[in-house]
Each structure stands twice: as C-alpha cells, then as structure tokens.
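Let's walk through a structure together, one question at a time. Have a look at it first, then follow along.

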Amino acid sequence: MEGDYKKVGVDNALTQKEGLNENTLNVSRDYANDSIQAAEYFSNLVASLQQFVQAANQNDLLKYFHEGSNTTAVQRRILDLMIYGEEFGVETRHDHLTGLLDRTSFLEKLKFTLSKTLQKDHLTAIIFLDLDDFKAINDQYGHSTGDEVISIIGRRISASIRAQDLACRWGGDEFVLVLQAITSKDLVSQLANRLLAAISQALQLESHESLQLTLSASAGIAILDGMNLNSIDLIERADKAMYLAKKAGKNCVEFYS
Ligand SMILES: Nc1nc2c(ncn2[C@@H]2O[C@H](COP(=O)(O)OP(=O)(O)OP(=O)(O)O)[C@@H](O)[C@H]2O)c(=O)[nH]1
C-alpha cells in the first residue's frame, strides 16, 4: 500500500504542474512536422521537467515511469538525461543503425547503475539477446537488407523496454539490456518473452515491400543477486545463458544459474 500511496503522490504532482501530464507529453508527436515549434516545445518541456525533477524524490520518479503504461521515447530520453546526463557529463553515444546506446555508453551507464542501488528491495537484470540464424538473411537478401532488419529490431527493442531500462547494440546481431527496479524473477521472464514476441512479428522492409520476413531471437538472463559482480561478469553470465537458449532450440529464454 505504501507503493500505491507514492505513485498517487507522484501522479498528482505531475498532473498539477502545467505541461507535465501524460497527455501533454504525448502532444509532442503533433510537432513532428514543425521543427521550430518542436524545438521550443521541447526546450520548455525539459526546463519544466528539470525543475520538477530537482524537487522530486528519484525513487518516486522511477516508480512513476516504471508503473506508467505508455512511456514514450521522448519521456525515456528526458528521464535518461535527468538520471544519467549530469552524472557523466559526457555525451551519450548511439549505434548508427539502431539508435540504441553503443557499447561504450552502455557500459558507462551500467557501471553507474551497479554502483548506485536505487531501490535495495529490487533486482537488476541483464538480458543478452542474439538474433537466430541472422546470417541466412544476409546470405539470401544481401548485407543492406540485413542492416535494415537490424535497424527494425533495434526500434522494436526500444519500444518494448520501460523508461528506466537501458538497451544497447552490443555488436553484429547481439543486443544487451539492463532492466532496473525489477520486483521478481517472473517479471524479468515476462519482459524477456515480450521482447522475443515483438522481435518475432513479421518484418515490413522498405526496400522489399512484398517480402514477408520473420525471424526470432534467443535470450539469456543474469540477475544481480547481491554478489559484488562487475558489469562484464554480469554480461558474460547473460551471454552464457543465451547460449543455453540457442542449444535449447532458439527462440526462447534461459536464466544463468
Ligand atoms: N547486415 C549486417 N550483418 C552483420 C552486421 N554485423 C554482423 N553481421 C553478420 O551477422 C551474422 C551473425 O551471425 P551469427 O550470430 O554468427 O550466426 P546466426 O546466423 O545468427 O546463427 P545463430 O546465432 O547460431 O542463431 C554474421 O553473418 C555477421 O557477418 C551488420 O552490421 N550488418
């Protein structure tokens, strides 16, 4: 019940402050074709959010975004800047094909996440994803079609994760995600299966409109269990679990144990 109380508190605070309710954040989409209006809108929005975030408790904010059902990419980016931007004082770098974090930026953020336990009663999980039989797509349709597929998958991953989660293109057809503030192992499993389901949807390629491609992915999960593991150890565990998923027949999720 304490959790419910906190959520209501944050919701009220957000909606009472003009420009900070969920509808207003979604209005940002209407500015997609007007860059000057959009720039002004976003700069006002970020300024208001900055004031709000300074006054708010970080755990409450995380809880709000964690429980909010429809966090948009804009909200995620703003939250990302709020939580990580100032701490690093460096520009976040993204993979050019997918728009996800690149490996270096991801590792910096993961290190920061592991060094700072935001919610002691919650878990942090790493998901290592590797596309299944991706080489066949390159071989059959060419490298640029393979690139287009990777780009679509990157967007799907980005749309499937929550505001406080991190996702990067680790390399080639591999992706690594960090899920924070997880309440149970079951929730991690659900999120991983949701990701696999999103990846398995038919791919609509701009370069080959008539082609109906589908592919799957295998996922390995490692959970930070109180032991003092570093980022690389955790990712290696998730990678090992991913190989178990490949061995188990692909298109499935395995936990490191
Ligand atoms: N198009 C494209 N292909 C890439 C890129 N980076 C790596 N690859 C290719 O991705 C393929 C990855 O294949 P693997 O993961 O080894 O094998 P797989 O066919 O996915 O098979 P499993 O992983 O066993 O399911 C290789 O053929 C790489 O050449 C890239 O940026 N673009």
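Two strands pair if DSSP finds at least two bridges between them. Helices (H or I, at least four residues) and strands (E, at least two) are DSSP runs, numbered from the N terminus. This is a predicted model, where local features need pLDDT of at least 70, side-chain atom pairs count only at pLDDT 80 or more, and totals for chains, interfaces and linings use all residues. Residues are numbered from 1 along each chain as its sequence is written.

Q: Which residue takes a positive phi in the hairpin of β2 and β3?
A: This hairpin has 2 residues between the strands. The positive phi, near 45°, belongs to glycine 172.

Q: Why is β2 largely enclosed by the rest of the structure?
A: Call a residue buried if 20 or more other C-beta atoms lie within 10 Å of its own, exposed if 12 or fewer, and partly exposed in between, with C-beta atoms placed from the backbone. β2 is largely enclosed because its buried residues number 5 of the 6.

Q: How many bridges join β1 to β6?
A: β1 has antiparallel links to β3, through 7 bridges, with alanine 125 opposite leucine 179. Toward β6, phenylalanine 128 stands opposite glycine 220. β1 and β6 are antiparallel too, and the number of bridges joining them is 8.

Q: At what angle do α7 and α8 pack?
A: Two packed helices are described by the angle between their axes and the distance between the axes. Axes are lines fitted to C-alpha atoms, for helices over the stretch in contact, and angles run from 0 to 180 degrees between N-to-C directions. For helix α7 (residues 134-141) and helix α8 (residues 143-160), the axes are 7 Å apart and the angle is about 140°.
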